[in-house]
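This briefing accompanies the sequence and coordinates shown below.

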Amino acid sequence: MTRLPDRVHTERPWRIHELTGDFRVEDVWAVRTPGAGPDDFPTLLAAMQASAGPAKDPLPSRFLFAVRRRIGALLGWDKPLTGAGDPVPSLRGRLPRDLREAPGRSDAGLAPLASLYELDDECALERATTTVHAVIHLGWAPDGSGGHELRMAVLVKPNGLRGRLYMAAIAPFRRLIVFPALVRQREQAWRDRGRPGAEDGGAAAVGRAVGTHEVPESIRALSSLSRIDYADVFTLSTDTDTDTDAGTDANTDAVTNVGAGATAELWARALFGDVPDPVERLIWQGLLGLRLSRGRSPGTVAGWRIAERGEDWIRLEAASWFLTGNLVVRAADGQVSLGTFLRYDHRLARAVWPPLSAVHRRLAPGLLRDAAATVRAA
């Protein structure tokens, strides 16, 4: 995963330069594709397409995009502005005839960006909103060692002062979290190309229950909170094949033989890691103010204290000045369950957690699927 100098993009004779003279280069990234040859660009685009989707995107990206969508909806940032009569015309109007008639137009797994053109060695996608007109350019180039790699360039044209402020505000998140995660996923897509099951990613459905009265007593009883103000549980089956035509409940689709014999602590570490990653720190410490332990320890998982464990479950605890939280992971009866329980210790919690809880519920299924992949590989 490498961020490249802007000149790596600007000095190559890409066709995109004909269209984006009034755009600036924001980032250029290299996506490593070992063993790739000069004719493998369509293969990589197909692999990227197969590996993409809301349930398959990297967790850091899913979280930040979920937060961004909610803020954008509240502030009206995301109204598309490339339709007829809109003040930001699509770059499709600038396309020369040969690019307009180019046959391939996939989104390369980068929706909601819309394809502009696709050639044998490059393609471009765009999206314009009230904040910024953005273009992602994907170019296929020699890697200097006899092979080829993908060069991914981000080109932007901010819409006024608001757009410039917006780009400055998101730059640290984009460069430290979103694009590194995106690059790693695309590199994994190349490694996984053609592997059985790579197209669906093993994306089993996840059952969920939200609310103190909806969460099963078998999970709720594992919380240590004297009062539960918020509760949810998400469950993924781990030991049987999915067969919805034969009557299997679609809410508990299974990933075959995942983590047979894996302990609840192993699942917890697969879910959250030994130490919190940047996104977890942003949520838990930055937004919720949770006091987390530093460094790796057999007594903590991602900074949360291991408070108690049983034969098939583990409970993690952390608190801030305005709320107390439990994370309960249970691995039993061919399922792994993740329960989240919160007690509001100050009225601020009632304002902070509800909008975050919507993002949390959106991300939890993918978190379980990612953990299943980690446990499967262990």
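With which residue does glutamate 317 form a salt bridge? The partner is arginine 315, with the closest N and O atoms 2.9 Å apart; a salt bridge is a side-chain nitrogen of Lys or Arg within 4 Å of a carboxyl oxygen of Asp or Glu. This is a predicted model, in which local features need pLDDT of at least 70 and side-chain atom pairs count only at pLDDT 80 or more, while totals for chains, interfaces and linings use all residues. Residues are numbered from 1 along each chain as its sequence is written, and side-chain values use heavy atoms, leaving out hydrogens and water.

**Sheet**
- An open, antiparallel sheet of six strands has the order β1-β2-β6-β5-β4-β3 (strands are DSSP runs of E, at least two residues; two strands pair if DSSP finds at least two bridges between them).
- Its edge strands are β1 (2-3) and β3 (114-118), each of which pairs on one side only.

**Charged pairs**
- The structure holds 22 salt bridges.
- Aspartate 98 and arginine 15 form one, with closest N and O atoms 2.8 Å apart; the two residues are 83 residues apart in the chain.
- Both glutamate 317 and arginine 315 are buried.
- A network of salt bridges links Glu265, Arg269, Asp274, Arg296 and Arg309.

Definitions and conventions. Helix = DSSP H or I, 4+ residues; strand = E, 2+ residues; numbered from the N terminus. Buried < 20%, exposed > 50% of the residue type's maximum accessible area, 1.4 Å probe, protein only.
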